[in-house]
Structure formats: structure tokens, C-alpha cells
Amino acid sequence: MKRYTQTLFLFLFLILFTPSKAEEYSFRRYTNKNGLSHNTIPCSFQDSEGYMWIGTEEGLNRFDGYTFRVYKNHPLDIQTLPGNSIHSISEDSDGRLWICTGSGSCYFDKETEKFERNFIPFEDEYSPYFSSIIKDKDQNIWFTRRDLIVRFSLKDKTVKHFPAGDYFEGWNIALTEKGIPFFQITKVFISGKKRAILFQKHRF
């Protein structure tokens, strides 16, 4: 099932644990009838404070275990989300949330509850849209999409662009246990349309 066809959001609650018995779990289902902004959920993320952040097709949701708080784009307010379709969420060491939407990327300051969109001086030929985002152990924020990987340093605010080649397509990012980023890469072979998926350690 593709990530954008998810229609239900499940929270897993531990209700019983004893050394002499197997663990038993209870599932509770949450939908838009319970306060979730939309039932299609491309991504979710648990932050350092324990909050669950749920990215939907109609806004960002924060869940505290009891209720949802919804954040959405407001066209006349540039300190809101760039768009309501949420693709990826991550967090840096200062507790800021980094978010990729269908209309651009931003970070969220939890103290001010404001979204900052213009944080990276993107080169003119590149748009700020990305499909995946993550922070590595060296305080870099990595953004990926089909034709581009971008590294943004939180230390010195520098930006490095890595455009895709003729047989290179960048997609999702993952981290090793040591915090080293791996990228999901699609390579198209010259001999035909066959594709291969691999994870490749960055060596930029």
C-alpha cells in the first residue's frame, strides 16, 4: 500500500504487563471524527517531548494522548504552514520541527508557535519543495526529492546542492544507529526501463 493511501491512524497503548504473562495490547482508532484533520496520513513523528505529530493531506496535527491540535496554512499569514499536504517531519537538537509540505518546506518554533519558510537561500533554479527530510548527527538537515538532495548546516547556515544526474533519482532518507544518513536511490539502467532500489551512504 502506498504511503499516500493510508486512511486510518492507529495508536498503540500498552494496557497490561507482568513478568509472568505475555504482553497484551489494545488498539484505539482515531479518525477525523475524533479531531484528526484528515484520514489520509503520509507521515508521523514523535518529538523529544513525547508529542505525536501527524502529517495529513489537510494539515499538521499534534496529539498529546488525549486531543488533537491542528495547524494549517492561512494564505494571508506567512508564519503558517506553506501548504496543508504534509510529506515528512523531523526535529533538530533545539526542538524545532522541520516539515516538508506539497507547497514548500519550513520549520516550526514550538515556543512562538510560528512557522518559518525562508530559512534556506535556495539557488534560483531550485524550488523549496521536497519529499523527505531528516537531521543527522553532525547537525545537518537533509532534504531530498527526485531530482535533488540538499544539505543545510545548522552550525554555519551553509547550503550544498547535489543535483541528480541522468541516471539518478533521490527519494527518502534514513539514518543508521550512528546517525549517518542513507539515501534511497533509484537508478535507471541504460539497457532498458528496469529499476533498482538501494540505500547509499552519503560521501559528499
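Strands E11 (residues 132-135) and E12 run antiparallel and are joined by four bridges. This is a predicted model: local features need pLDDT of at least 70, side-chain atom pairs count only at pLDDT 80 or more, and totals for chains, interfaces and linings use all residues. Residues are numbered from 1 along each chain as its sequence is written, and side-chain values use heavy atoms, with hydrogens and water left out. Strands (E, at least two residues) are DSSP runs numbered from the N terminus, as are helices (H or I, at least four). Two strands pair if DSSP finds at least two bridges between them.

- E11 and E12 form a hairpin with four residues between them. In that turn, Gln-139 has a positive phi of about 65 degrees.
- Across this pairing, Ile-134 stands opposite Trp-142 in E12.
- E12 is also joined to strand E13 (residues 148-153), by six bridges in the antiparallel sense.
- E12 and E13 form a hairpin too, with two residues between them.
- Thr-144 has Ile-149 in E13 as its bridge partner.
- How many residues of E12 are buried? Six of its six are, so the strand is mostly covered, where buried means under 20% relative accessible area, exposed over 50% and partly exposed in between (1.4 Å probe, protein chains only).
- Asn-140, Trp-142 and Thr-144 point one way from E12. Ile-141, Phe-143 and Arg-145 point the other way.

**Aromatic pairs**

- Rings of Phe, Tyr and Trp (its six-membered ring) pair if their centres lie within 6.5 Å; planes under 30 degrees apart count as stacked, over 60 as edge-to-face and the rest as tilted.
- By this rule the count comes to 12 aromatic pairs.
- One of them is Trp-98 with Phe-143, which is edge-to-face: 6.4 Å centre to centre, with 70 degrees between the planes.
- Trp-98 lies in strand E8 (residues 97-101) and Phe-143 in strand E12 (residues 140-145), so this pair ties together parts 45 residues apart in sequence.
- Both Trp-98 and Phe-143 are buried.
- Ring pairs link a cluster of Trp-98, Tyr-107, Phe-130, Phe-143 and Phe-152.

**Charges over rings**

- A charge sits over a ring if NZ of Lys or CZ of Arg is within 6 Å of the ring centre and within 35 degrees of the ring normal.
- Arg-96 has its charged end over the ring of Tyr-107, 4.9 Å from the ring centre.
- Arg-145 lies over the face of Phe-130, at 5.0 Å from the ring centre.
- Tyr-107 and Phe-130 both belong to the ring cluster above.

**The E3-E6 sheet**

- Four strands make an open sheet in the order E3-E4-E5-E6, with antiparallel pairing.
- Strands E3 (43-46) and E6 are the edges, and each pairs on one side only.
- Strand E4 (residues 52-56) pairs with strand E5 (residues 59-63) over five bridges, antiparallel.
- Trp-53 stands opposite Arg-62 in E5.

- Val-70 is in strand E6 (residues 68-71).
- Is Val-70 buried or partly exposed? Val-70 is partly exposed, because its relative accessible area is 35%.
- Beyond its neighbours within four places in sequence, Val-70 is in contact (heavy atoms within 4.5 Å) with Gly-35, Ser-37, Leu-60 and Asn-61.
- Val-70 and Ser-37 are 33 residues apart in sequence, yet 6.6 Å apart in space, C-alpha to C-alpha.
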